[in-house]
Amino acid sequence: MNLTYFLFFLCIIVCTLIITYWAAKRSNTTNRFYIASGSLTGFQNGLAIAGDFISAASFLGVVGMIAINGYDGFLYSIGFLVSYLVVLFVVAEPVHRLGKYSLGDVICSRFPSDRMRWMLALGTFMISILYMIPQLVASGFLLRLLLDIDYSISVLVIGGLMTVYVVFGGMVATSWVQIVKTVVLMSGTFLLSLIVFSNFHWDLSALIEQAKKGSPLGDSFFIPGHLFGNPIEFFSLQLALVLGTAGLPHILLRLFTVRNTLEVRRSLISSTWIIGLFYLMTLILGLGTVALLGYHTLIANDPTGNLAAPLLAREVGGDFLLAFVSAIAFTTIVAVVAGLVISATTAFSHDIFHHILKKGKSTEREQLLAARWTAVGIGIISTLFALRLETINVTFLVSMTFVVAASSNFPVLVLTIYWKRFTQTGAITAMVSGLAASLAFVLLGPHIMNLDGGWIEREAVIPLYNPGIIAIPIGFLGGYLGTIFSLKNSQSVQEYREFFIKSQTGMSSRRDDT
C-alpha cells in the first residue's frame, strides 16, 4: 500500500467525520435534519448543489471521453451545464414556494392524497438507488486500484461513511461535506489544469496541436461523430440530461435549504458558474491527457478512460499529485452518495412514515428516529447491490437515472405547476407511464440486450442507448391522456388560480390571508 495515497484518503475521512460530529449537535429537529432549517446562503447552497451534481462520472468519465473521443466527449458535458437553466427558469422558485421537505410536498400542495405521496416517494427511492449503485461501484474500483484494498471492503467503507454522514449529521453534514468537496475539487482541477498548460508554455494552440498528434483521430479530433455516430442518439442523450436534472430528487431537495427565492436564484446562478468552469477545465484535462500521455498509453493502462485524470496527474506530478487527485475523486463519490441518501431518506420518512402511516401526527422524535433508520436501510440496500455487481458494467445506470427522472418526475412537476386542467389522475398516469417506458426501453436496449457481452445476449429490440427521445414524450402523453379522461375530477378555475399565485409569489390569493 502506498503511504502517500493512504494518508490523503485518511485525511479526507477524518475531515468529513469532524464535520459530521459538528453537524450532529445541530440536527436535533426534523427541520434541521431534512433541510438544515433553510440556513444556507445562496452561495453556500450553490457550492453544495455543485458538489451534489458533479459525480465521479463527471470528474473521471468526461476527461476520459474527451481524451478518447475528442469533440464528442466535451459535448457530453454540455447537457449537464444547460440543464441548470431549465431548473432555474422553470421549476426552482415554484418548488421552493410550494414545498417544505420533499417533491411529494410540492405535488401534494395541489393534489393532496396518499396515493400521490406513495408514487413520488417510490420514484425518489428508485432514482436514488439507481444513481447510488454506480457511484459505490466506482468507489470500490478506485480504492482497490490505489490502496490495494479488496473491492468488497472498499464498498463497505464508502457505504458505511455515507450512512454515518446522514444518520448523525442529516442535511447539515451532507451540505458541508458537499461544500468542502466542491472547494477541493475546483482547487485540484484548477491546479492540474495550470500544470498541463505550463507543460506547453501557456500556449493553447500548442496544446491543441499536440492533442491531435497524440490521438489516432488526428485532425478529425475536433470534428463530431466519433462517440455519437447517430444524431438521434446524441439529441436523445442531451434531452435526458437537460430535462432530467429538473427531476432529480436530490437536486430539488437542495432548493429547500435556503430561506427565500432570492437565495434560490443565487444558489442556481452560482452553481451554474461553478459547474461551467469545472467542465471547461475538464476540456483542458482531456486535451492534456491525450497530448502528454497519448491515446495508446491511456488505453493500455485504462481501456475505459475512467482513470484518465489520475493517470494525467501521475504523469505531470508524480505520486503526490496522483494521491491528491484520487482523494478528490473519493470525496466526489462520498458527497454525491450522501446527497442521494438524504433525498431517499426524506422521501420515505417524511412522505410515507409521517404523512401516510402516521397521518401527519408523528412527533419530532419519532420522525427523526424513522429518518435515521431509513438512512441505515438505504445504505444497506445500495451497498448490497454494489457488492453483487462487481463484475458487471453498471455505468449505464447514470444515464438511465436521468432518463427515468426526465420521463416521470419532470412531466408531473411541470404539468402540475403550469397546466390548469391537469388532474390527479393525470399526475399518476404521467408518473407510471414515464417510469414504465424509461425502464422498459433501457431493458430492451443495447445496454442490456447485446450480442457482445450484454446481460441478455441477443439483438436489442430498441436500438437507442439513450431512449429519452421516446420515453420523455410518453411521460407527457400519459399525463395528457390521464387528464383528458378524468376532466370531471379537475379542479375549479379558482382553486388552480390560488395554487398558481402561490407557486409564483408565495402568497395566497385569498383576501383573508393577505
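## Basis of the description

The model is predicted, so local features are reported at pLDDT of at least 70 and side-chain atom pairs at pLDDT 80 or more, while totals for chains, interfaces and linings use all residues. Residues are numbered from 1 along each chain as its sequence is written, and side-chain values rest on heavy atoms, with hydrogens and water left out.

## Nonpolar cores

The largest nonpolar core contains 158 residues, and Phe-53, Phe-59, Leu-268, Phe-330 and Leu-413 have the most contacts inside it. Such a core is a set of buried Ala, Val, Leu, Ile, Met, Phe, Trp, Tyr and Cys residues joined through side-chain atoms within 4.5 Å; buried means under 20% relative accessible area, exposed over 50%, and partly exposed in between, with a 1.4 Å probe and protein chains only. Helix H14 supplies the largest share of this core, 23 residues; helices (H or I, at least four residues) and strands (E, at least two) are DSSP runs numbered from the N terminus.

Leaving aside residues up to four places away in sequence, Phe-59 touches Leu-185, Thr-189, Phe-278, Ala-309, Val-325, Ile-328 and Ala-329, where contact means heavy atoms within 4.5 Å. A second, separate core has seven residues, among them Val-403, Ala-437, Phe-441 and Leu-464.

## Aromatic rings

Across the whole structure, a search finds 18 aromatic pairs. Rings of Phe, Tyr and Trp (its six-membered ring) pair if their centres lie within 6.5 Å, and planes under 30 degrees apart count as stacked, over 60 as edge-to-face and the rest as tilted. One of these pairs joins Phe-8 and Phe-320, which is edge-to-face because the ring centres are 5.2 Å apart and the planes stand at 70°. Phe-8 belongs to helix H1 (residues 3-24) and Phe-320 to helix H14 (residues 308-357), so this pair ties together parts that are 312 residues apart in sequence. Phe-320 counts as exposed, at 57% relative accessibility.

Phe-33 and Tyr-34 also form an edge-to-face pair, with centres 5.9 Å apart and planes at 80°. Phe-33 is buried at a relative accessible area of 0%, and Tyr-34 counts as buried at 0% relative accessibility. Elsewhere, ring pairs link Phe-53, Tyr-84, Tyr-131 and Phe-402 into a cluster. A charge meets a ring where the charged end of Arg-110 sits over Phe-499, 5.6 Å from the ring centre; this requires NZ of Lys or CZ of Arg within 6 Å of the ring centre and within 35 degrees of the ring normal.

## Cysteines

The structure holds zero disulfides, a disulfide being a pair of cysteine sulfur atoms within 2.5 Å. For Cys-11, the closest cysteine sulfur is that of Cys-15, and the 4.1 Å between them is too far for a bond. Cys-11 counts as partly exposed at 44% relative accessibility, and Cys-15 counts as partly exposed at 39%.

## Positive phi angles

Most residues other than glycine have a negative phi. Ala-36, although not a glycine, has a positive phi of about 55°; it lies in the loop between helix H2 (30-35) and helix H3 (42-53) and counts as buried, at 2% relative accessibility. Trp-202, also not a glycine, has a positive phi of about 60°. Trp-202 is found in the loop between helix H8 (151-198) and helix H9 (204-214), and at 57% relative accessibility Trp-202 counts as exposed.
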